[in-house]
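Try each task before reading its solution.

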Amino acid sequence: VVSTQSTGHIKDLYKSYKTKITLIRRYNKNCRLFVCPVLPSKSHKLNRKIVEFNRYLIEDLCQCDLKVQLVEGLYTFLDRKFNLLKDEFAKGDELHINHRGTSVLVVLIKRAIFQAKSRNGKSVNNRLYSNTLRGGPLNPI
């Protein structure tokens, strides 16, 4: 959605996103909400918009009383020399990630979830407590 918006509309897009998060939080005050910043693209023009949207996520959404948790580590996707999505994660167009990129994203999301669970005592060595009891996977990440 970010790719189709002009820079002036990014704030409106963010406000709509925040409204949805607010509604989820109002519906369930105890659920864990994880937000994942928008990944970089292969386009400098798109990346300027992505950076703006992600800045709102970090500076506003993560700082307010909605109690969201940011999925961290997305700098992994960024080629710092060119400030674009790394070729190894690009699908071939400007926007989408390939299977390797999807695998890395899954690892980052799982890590965020397991770290949150371990703070509550619900995980054993990066394994869900329930998986540990029934002999589930040793390393889901």
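**Exercise 1. Describe how α1 and α2 cross and pack.**

Solution. Start with the handedness: this is a predicted model, and in it α1 passes α2 in a right-handed crossing.

Next, list the contact residues. Helix α1 contributes Ile10, Lys11, Leu13, Tyr14 and Tyr17. Helix α2 contributes Lys49, Glu52, Phe53, Tyr56 and Leu57.

Sort them by class. The contact of α1 with α2 has 7 nonpolar residues, 3 charged ones and no polar ones.

Now take the geometry. Helix α1 spans residues 10-27, and its axis lies 10 Å from that of α2. The two helices pack at an angle of about 40°.

**Exercise 2. Decide whether Asn54 is buried or exposed, and find what it touches.**

Solution. Locate the residue: Asn54 sits in helix α2. Read its relative accessibility, which is 12%. Buried means under 20%, so Asn54 counts as buried.

Then look for partners. Leave out residues up to four places away in sequence; Asn54 then touches Pro37 and Val38.

**Exercise 3. Examine the backbone at Lys67 and Asn83, then classify the exposure of each residue.**

Solution. Recall the background first. Most residues other than glycine have a negative phi.

Check Lys67. Its phi is positive, about 55°, although Lys67 is not a glycine. Lys67 lies in the loop between α2 (44-59) and β2 (68-70). Its relative accessible area is 65%. The cut-off for exposed is over 50%, so Lys67 is exposed.

Check Asn83. This residue is not a glycine either, and its phi is positive at about 55°. Asn83 belongs to the loop between β3 (78-79) and β4. Its relative accessibility is 44%. That value falls between the cut-offs of 20% and 50%, so Asn83 counts as partly exposed.

**Exercise 4. Find where confidence is lowest and where it is highest.**

Solution. Begin with the whole protein. The mean pLDDT is 86, and 80% of the residues reach 70 or more.

Confidence is lowest in strand β5 (residues 123-124), with a mean of 51. It is highest in strand β4 (residues 84-85), at 96.

Finish with the reading rule. Where pLDDT is low, the predicted coordinates should not be read in detail.

Note on methods: Residues are numbered from 1 along each chain as its sequence is written. This is a predicted model: local features need pLDDT of at least 70, side-chain atom pairs count only at pLDDT 80 or more; totals for chains, interfaces and linings use all residues. Side-chain values use heavy atoms; hydrogens and water are left out. pLDDT is the predictor's confidence in each residue, from 0 to 100. Helices (H or I, at least four residues) and strands (E, at least two) are DSSP runs, numbered from the N terminus. Buried means under 20% relative accessible area, exposed over 50%, partly exposed in between (1.4 Å probe, protein chains only). Axes are lines fitted to C-alpha atoms, for helices over the stretch in contact, and angles run from 0 to 180 degrees between N-to-C directions. A crossing is left-handed if the near helix is turned anticlockwise from the far one by less than a right angle, and right-handed if clockwise. Contact means heavy atoms within 4.5 Å. Ala, Val, Leu, Ile, Met, Phe, Trp, Tyr, Cys and Pro count as nonpolar, Asp, Glu, Lys and Arg as charged, and the others, Gly among them, as polar.
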